[in-house]
Amino acid sequence: SARTYENILVDKPVDGVGQVTLNRPKALNALSTPLFKELNEALQNLDDDPAIRAIIIAGSERAFAAGADIKEMKDLTFSRAYATNFIQLWSTTITNLNKPTIAAVSGYALGGGCELAMMADILYCTADAKFGQPEIKLGVIPGAGGSQRLTRAVGKAKAMEIILTGKTFSGEEAEKWGLAAKSFSNFEGLMNGAKETASIIAGHSMLATKAAKEVVNQSQELALGEGVKFERRLFHALFGSQDQKVGMEAFANKDKDPKWTH
Ligand code: HXC
């Protein structure tokens, strides 16, 4: 598109895949309000683009994002934070996208940077990435879902330790503890891995992909019985889609390249 941004880069690295790269190198991609507005706009545009079927959110090799912009927050008051529902804007777009998102984390993913990465559907990282929720050292706490998403991902024991100490943990640990789906030995491997996975996702039925994403996300909200029932109902619903016929007929005909209608 013709739109140019100040704090991000947008491109389409492979067929069917959109990528947003945080690009505020002088501040280690600190997540200012202008950056987040651009990120939300770019993500929404990619989500609305029928040619895009999966989205990568990346930073630089040195920093995915070193957190919310501390200089911007320094003089914030309670009244203003409350009145504007500060930070809520961050999570609404990204957690409501139809297309799957992959966060590709290298370098620092601290505070809001870690929280942003955890909002993605799949988290990939380098083994030496530095994750953390250091808000406690600034006299505050995580404010963009960190205490909730981290605890669901790694359990209470690790989450308490991470959030109460503010200490960083590595990408290797993130993978071991189940926060990251995979860690890669270097930045190039990370970006290739993200593109490969995004490309695989882009090759599936978009309708089935949306349903798959929705049922996994519901597992974080619902009790097991309700979640299983919700899954079964959506599974039933997909038999009303053309892509179920396309997919299963292709298998029966030994056709390796189903022509999805969505
Ligand atoms: C604003 C930041 C920043 C941030 C780095 N910078 N992080 N600016 N907000 N979160 C700026 C620095 O001020 C500096 O600008 C430039 O980026 C380079 O950073 P340095 O500190 O010089 O680099 P280095 O010595 O390599 O240290 C890297 C670092 C350190 C360890 C990541 O920058 C750091 O501790 N940053 C803060 C991390 C943090 O506390 N994040 C949580 C934020 S609170 P100048 O102009 O001096 O060159 C948060 C709340 C979330 O995220 C809750 C709601 C979302």
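Reply: Before we look at anything, one convention: two strands pair when DSSP finds at least two bridges between them, and both helices (H or I, at least four residues) and strands (E, at least two) are DSSP runs, numbered from the N terminus. Residues are numbered from 1 along each chain as its sequence is written. Keep in mind that this is a predicted model, where local features need pLDDT of at least 70, side-chain atom pairs count only at pLDDT 80 or more, totals for chains, interfaces and linings use all residues, and side-chain values use heavy atoms, with hydrogens and water left out.

Me: Okay, pairing first. How do β2 and β3 run, parallel or antiparallel?

Reply: The general idea: strands of a sheet pair through backbone hydrogen bonds, either parallel or antiparallel. Here β2 and β3 run parallel, joined by five bridges. If you want a residue pair to click on, Q19 has I56 in β3 as its bridge partner.

Me: And how does β1 pair with strand β2?

Reply: That pairing is antiparallel, again over five bridges. Look for V14, which stands opposite V17 in β2.

Me: What is the strand order in the open sheet of six strands?

Reply: Read it as β1-β2-β3-β5-β7-β10, with mixed pairing. The edges are β1 (8–14) and β10 (182–184), which each pair on one side only. On average, neighbouring strands here are turned by 25° against each other, direction ignored; angles are taken between N-to-C directions, from 0 to 180 degrees, using axes fitted to C-alpha atoms (for helices, over the stretch in contact).

Me: Which helix packs on that sheet, touching β1, β2 and β3?

Reply: Helix α1 (residues 33–48) does, and its direction makes about 175° with that of β2. Over its 16 residues α1 reaches 22 Å from first C-alpha to last, close to the 22 Å expected at 1.5 Å a residue (the expected span is 1.5 Å times one less than the number of residues).

Me: How many of the five residues of β3 are buried?

Reply: Five of the five, so β3 is largely enclosed by the rest of the structure. From β3, A54, I56 and A58 point one way, while I55 and I57 point the other way.

Me: What about the open sheet of four strands: what order does it have?

Reply: That one goes β4-β6-β8-β9, also with mixed pairing. Its edges are β4 (63–65) and β9 (169–170), each with a single partner strand, so one side of each has no neighbour in the sheet. Inside, β6 (residues 108–110) and β8 (residues 130–132) run parallel over three bridges, with L110 bridging to G132 in β8. Helix α5 (residues 112–119) lies across β4, β6 and β8, at about 95° to β6.

Me: Now a helix pair. At what angle do α10 and α11 cross?

Reply: Roughly 175°, with the axes of α10 (residues 206–218) and α11 (residues 224–238) coming within 10 Å. The two are therefore roughly antiparallel: under 35 degrees counts as roughly parallel, over 145 as roughly antiparallel, 65 to 115 as roughly perpendicular, and the rest as oblique.

Me: Which residues of α10 meet α11?

Reply: L207, A208, A211, E214, V215 and Q218 do, facing F230, E231, L234 and L238 of α11; contact means heavy atoms within 4.5 Å. α10 has T209, A211 and K213 as its buried residues, and their cover includes α9 (187–202) and α11.

Me: Last one: Q244. Buried or exposed?

Reply: Q244 counts as buried, at 14% relative accessibility. You'll find Q244 in helix α12 (residues 242–252); leaving aside neighbours within four places in sequence, Q244 is in contact with L238 and F239. Compare N186, in the loop between β10 and α9: with a relative accessible area of 39%, N186 is partly exposed. N186 also sits 9.5 Å from A129, C-alpha to C-alpha, with the two 57 residues apart in sequence.

Notes: Buried means under 20% relative accessible area, exposed over 50%, partly exposed in between (1.4 Å probe, protein chains only).
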